[in-house]
Amino acid sequence: MPLPFAEPYKTKMVEPIRRTTRQEREKLIASAGYNLFNLKSEDVFIDLLTDSGTGAMSSAQWAEIMLGDESYAGASSYYKLKNTIEELLGMPYFLPTHQGRAAENVLFSALMGMEAPDFVVPGNSHFDTTKGHIEFRKAKALDCTIDEAFDTSSQHPFKGNLDLNKLEEVFKKHPKENIPLCLITVTCNSSGGQPVSLENIRAVSAMCKKYGIRLFFDAARFAENAYFIKAREPGYADKSIKQIVREMFDLVDGCTMSAKKDGIVNIGGFIAFRDKELFERSCTFNIVFEGYITYGGMAGRDLGALSVGLREATEFDYLESRIRQVRLLGEKLMSCRIPIQEPVGGHAVFVDAKKFLPNVPKEQYVAQTLGVELYKEGGIRGVEIGTLLADRDPQTRENRYPALELLRLAIPRRVYSDNQMLYVVECLKNVYDRRDQIKKGYAIVHEAPIMRHFTVELRPV
Ligand SMILES: *Cc1c(COP(=O)(O)O)cnc(C)c1O
């Protein structure tokens, strides 16, 4: 008989969180302009805003914080991280950066310069900041994700996969010189934390080789992706996560990394390279934008904590408990008939707000309405992935209504207990039970010209 499941860690330190009354929460969210970003974290009971930088470090990581070498150049903490990256990812060169978007900025500067209007970067639903850094250079991010990714009820096991026909079309249409790289995001954040199969990575890699195009990972959740390969892809059940990770990275030329995700640190990032020449070209930009090449905007102690975090994040037991908890939340919600995006991805559960609140008009921000209701119900903070985030058309200034209105509940790593997840389920169920009475949403009082979702102020209709 296999042993039953239990978390592969115990708690050494606790951080109290504060419960508020419904009356208090109604006042707090009103004075936050009905924008969950404006809440003080101390007024949130369960914070599922993001899984970025919110993980709990282990005792071994905290020990590295004390051992941090803060030398400007050649710190021992830098070499610890360098060794880990070389061992785990097989990449001989790397540059630390202060976070993932900084890695994108440095790499894209080396590959495209500051203005590259004819360039295109194909990939699978590029992350916002990645797209931002591409579009800032007047280049285009071309989405080659498989069609199944956009169907929330499709049970495809690897909804992050690239469509090889779409990719080959891009390679045929654009001259090689104008495609600085192809980018695979693992797991694919924008399509709901959905994984990419090794079969697909292998095929994309072969196609990139055929056309002479560089291939990089946006590797923020590479370990969670490896777990899904082990769990779902034929032939990988008996391989270790570290073997699978190595097999994935052996197929690419490098990666950008937001260490705030699968590095399980609160801040940090890096670029890894196979090619010495590209590494050397990137060094100049790293020094200008981030810091000297052996610290790149990170404190020595943080480099050390990251080197341990990467090793822990690629342990099977940790990943199983992490992905299992995300699935637990998703399955419990489904058993209450609450509509969510399926299958559940690696780091978050996405509640389908349009199906949840059919009576709220789309002009009144359906997913935001659900987010506010959930906060008022139980002090839980999710994030709107809907019309507020989609923003206005730059030409017409009309709202862009996306196909889906989602409330994302992202789960921090090693932070919350299963009981706290069940609390979230109960609260959401309470809102669901009174969904017929929720007929009105919100109107905008004030918004910024771009990225409005962070600072928007709303009022109830
Ligand atoms: C978070 C994230 C980034 C950006 O990283 P930051 O550390 O937030 O700057 C890039 N790509 C993906 C897939 C991410 O999830």
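1. The model is predicted, so local features are given only at pLDDT of at least 70 and side-chain atom pairs only at pLDDT 80 or more, whereas totals for chains, interfaces and linings use all residues. Residues are numbered from 1 along each chain as its sequence is written, and side-chain values use heavy atoms, with hydrogens and water left out.

2. An open sheet is formed by three strands in the order 9-12-11, with antiparallel pairing; strands count as paired if DSSP finds at least two bridges between them. Strand 9 (348–352) and strand 11 (383–385) are the edge strands, each pairing on one side only. Helices (H or I, at least four residues) and strands (E, at least two) are DSSP runs numbered from the N terminus.

3. Five bridges join strand 9 to strand 12 (residues 406–410) in the antiparallel sense. Within this pairing, leucine 409 of strand 12 is the bridge partner of valine 349.

4. Helix 14 (residues 366–378) lies across strand 9, strand 11 and strand 12, and runs at about 45° to strand 12. Contact means heavy atoms within 4.5 Å; axes are lines fitted to C-alpha atoms, for helices over the stretch in contact, and angles run from 0 to 180 degrees between N-to-C directions.

5. A search of the whole structure finds 34 salt bridges, each defined as a side-chain nitrogen of Lys or Arg within 4 Å of a carboxyl oxygen of Asp or Glu. One of them is between arginine 413 and glutamate 224 (3.0 Å, N to O). This pair links distant parts of the chain, 189 residues apart: arginine 413 is in the loop between strand 12 and helix 16 (418–433), and glutamate 224 is in helix 8 (residues 222–232). Both arginine 413 and glutamate 224 are buried (buried: under 20% relative accessible area; exposed: over 50%; partly exposed: in between; 1.4 Å probe, protein chains only).

6. Glutamate 277 and arginine 281 also meet in a salt bridge (3.0 Å, N to O). These residues are separated by about one helical turn, because they are four residues apart in helix 10. Glutamate 277 is partly exposed at 42% relative accessible area, and arginine 281 is partly exposed at 31%.

7. Aspartate 352 forms a salt bridge with lysine 355, the closest N and O atoms being 3.7 Å apart. Aspartate 352 is buried, with a relative accessible area of 7%, whereas lysine 355 is exposed at 52%.
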